[in-house]
Each structure stands twice: as C-alpha cells, then as structure tokens.
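I opened the notebook to go through a few places in this model one after another, and the entries below follow the order in which I looked them up.

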Amino acid sequence: MNTAYALKNVNLIHGDSSRNLQKNMTILVNEQGLIQDIGRDHELHIPSHYTTIDLSGKYVMPGLINAHVHLFADGKPFSLSVSEGMLQFAYDRILNTKFGRNVLKKRMKRNALTALHAGVTTMRSVGEFFYTDVQLRDEINNGDFVGPNLLVSGFFLSVTGGHGAPFLALVGDSPWEARRNVRINVKHGVDLIKICVTGGVTDAKMVGEAGRLQMTVDEVAAICDEAHKIGLRVAAHVESTEGVRVALQGGVDTIEHGSEMDDEIIHLYKNNPHALHGYTALIPTLQAAYPSASLHTSVTKVSATVKENSRLVYDSMLKGVKQAIENDITIGIGTDAAMPYVTHYDMWREMDHYMRQANLNNKQVIDMVTRTNAKILGVEDVTGTVDIGKHADLIIMEQNPLEHIEALSDISIVMVKGNLIQRPSVTRINEVDDVLNSVW
C-alpha cells in the first residue's frame, strides 16, 4: 500500500493535445497509486491523511512512454561488424551461462531504472535474450522493486539468416513454424510479439541488405492470426517500402522504423482489416539511425557499409514520418534505446528530432509520447494522460516542456503507480552526450 499524496499548486499538462495547460491545480493520488481527484487548488478538499507536496510553479505531466526499447544495452557505441564466429563464441561461452545471464539481468534492470529516473514510466521492450524481460516485468508487478510499467516481447521471431537470428530470435521458415514460435513466446508470458520482416542495419553485410525482404505475407499472416486470437499485438521491424507492404498485408499492429510509402501502404495503415483494431500505427526511431548516418566514421567507428545502410534507412524512414503526418496515420514515439548513441535517458532528443525534421510542435510530440503511445500499446485505460482513475504515472519539472522540449532532460520528481521518486538520479554517458550535442 502506497502513501496517499496531494500534489498542490501545479501547472498541469494533461498529455492530451486537445486540452490546454491548467494553472494552480491539485492532484490527489490515493493509496492504490491511482489518481483520485483533480481540481483547482482552492476548490479541492485534501483529506487529512494525505501527504501534501507543494509544487508551486512546477509542471506536471504524464510519465513518458517509450514504445521501442531494448534493455540489453545502454547506448554506448559498440562494433557492428563482428564475425559470426566471434558472436557464436561470445553467446555460448559468455552470455548463455549462469554468470552471463545474471550480468545481463542486472544490466537490464539498471537500464530500466535509468529510464524511469529520466521520466519514462512505461516502456515497451521489443526484443531481449532468454525472457529476462518477462522476469523483470514480473518482479516489478510483484512489488519486488519499483520500476517502470514494462510491456515485453521476449525473443524476436525471425527466419533463417534473418535479422536477430540466431541469437536474439526464434527462427521459423514457414507459416506453421512461425505459429509455433508465437506459441513458445506466449508460453513464456510475453505481452506482445515482435517480428523481423526485413533485414536490419546492425547485422547487414552489404549495402542495401538492411531493408531486404525476409518474411513472406503468409508467414506474417500466420503470426498475426496466432497472436490476435488471444489479443496480443504484433510489432514488425521493417526497413523498406516492400517490407512495410508485406507486414501490413499480413496484419501487423505496429511498424517499427518504417519507410517511404505509396498509396496502397497509406490506405493499409489507416484501414487494415487484419490488424487487431483495424489500423496499423507507425513507430519510427529516428535517433537510432541518425548518428551512424550523419557522423563521420572516425567518430562512430562503424564500417562504410553500416554508414551507407544507416543513411538509406534514415532518409526513407524520415520520408515515411512526413507522409504519416500528412496523411493522418497514427504515429507514436520510440527511441530504439540500446542502439549505439541511443541511451535510456534522453527521449526528449527523439521528440526534438520530430520537431526539427517534421515541423511538429511541443504539444503534438508530448501527446504522441503520452496519450497516443498509450493507445497504440493498448494501455490507454490505465496510463498516458492525467485523468481520474488512471495510474499516477507522473513527471514533474521546473521548466515548461510546452515551451522548451529540453525541459524533459531534467526531471525533478517521478511518480510511477503512486510510488514517489523524489530525487531521481541518472548516470549519463558523457562520450555519447558530447557527440549528440555536437550533431545539431
């Protein structure tokens, strides 16, 4: 049972772009960690047993939702050109041992807490080793430690030689093998299914391989049918136009990364009869591709192949983002945290990227990272906006993020399900921050 709190004198940002900032508000959070009441300071009665926190002049908004993360790494640069033999050795002799799994779990927990202390109260983890993400989610839900709300996918589903295979993926090469892999993940307790429809930048061996088609429509459709019949969403890693078409025709619920669109694709995003809720949302990850695409290889230490693949993917992904906005396609925000130069503590950079490159304003990107993300992930009933009856997933800042999005880089207080973190602390990675601060 939590302490009950009254947050007084706040400037309230609801997270919903249709509502304006409200000044001099009080939010009551009950012992169950739910928002009990919201009202003007002078109108709301505060029960005597509530702990009152005066937040005069500070800004309160819903906690951030990161719709695309991996917890296995922290965003420090890592080599993307390791041989298969070296990977197999590292996997067998280091990672897939009792010691290796313990180290991995500690690292994943640390990354989840870094995100929480940076204001991310909900994370959708889209590909981890050994169902460690399921373990962490269950420990948080059981009250073993205070962590973010986690939605987890376990292993990728991929094909032989496909993205993430064989180390981070269950491999299947037919619709029935793909169904079996959905069932394996479901048996291990996942919240969603993550599939790899095309190749990716991280394991591409040649220019153009990043978006190469790997799954068939039949395989995607079998996965979606198997997942949808028990209400699970399917997220698809896709980095080419043809890959997006195959994923949409198969009925996926979110396109991760994305690509340039044509009329058929635009229509399928908005009206997808095979998706769980009749439409498909787009979750681009601009910050993940941008550094490798734009910075000199002497800085990033990536190969010429990785740089060129990153550039191709980034340029097409950005075109897709602009088309999605023009055509009113549902679009959310995920960072691909864990990739080189994408930390778990700087979601504001992805939001800033949209504002610079797609002409969105502060209010629009705040809605995307709260209300819209919650809807895309299927958690809008419990989080994503500041409303009575929802979880008290809140962040508090000195500065107004509606004026300066970088206000989100300095969170004063975090609350998740009513659990108060009064002095959040984030260990920053200076080598990454220095590079990113120089990019713009």
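Is Gly-63 buried or exposed? I kept in mind that the model is a predicted one, and I looked up the accessibility: Gly-63 counts as buried because its relative accessibility is 1%, where the cut-off for buried is under 20%.

I then placed Gly-63 in the chain and found it in the loop that runs between β5 (59-62) and β6 (64-69). Leaving aside residues up to four places away in sequence, I listed the residues that Gly-63 touches, which are Gly-119, Thr-121, Thr-370, Asp-393, Leu-394 and Ile-395. For Ile-395 I also noted the separation from Gly-63, which is 332 residues in sequence but 5.2 Å in space, taken C-alpha to C-alpha.

Next I turned to helix α7 (residues 263-270), where I found Ile-265, Ile-266, Leu-268 and Tyr-269 buried. These residues lie on the same side of α7, because the arc they cover around the axis is only 165°. I looked up what the buried residues of α7 pack against, and noted α6 (241-250), β13 (254-257) and β14 (281-283). At the N-terminal end of α7 I found Asp-262 as the cap, with a side-chain oxygen 3.3 Å from the backbone nitrogen of Glu-264.

Last, I went to the second largest pocket, for which I noted a volume of about 380 Å³. Its lining has 14 residues, and those nearest the centre are Asp-328, Ile-329, Ile-331, Met-368 and Thr-372. Two or more lining residues come from each of α10 (304-326) and α12 (362-377), and the largest share, six residues, is that of α12.

Note on methods:
Residues numbered from 1 in each chain as written. Predicted model: local features only at pLDDT ≥ 70, side-chain atom pairs only at ≥ 80, totals over all residues. Heavy atoms only, no water. 1 Å grid on protein atoms, 1.4 Å probe; cavity = no way out; pocket = protein on both sides within 12 Å on 5 of 7 lines; lining within 4 Å. Points joined across faces, edges and corners; volume = space filled by probe spheres on them. Helix = DSSP H or I, 4+ residues; strand = E, 2+ residues; numbered from the N terminus. Buried < 20%, exposed > 50% of the residue type's maximum accessible area, 1.4 Å probe, protein only. Contact = heavy atoms within 4.5 Å. Arc of directions from axis to C-beta. Polar contact = N/O pair within 3.5 Å; in protein donor to acceptor, adjacent residues only side chain to side chain.
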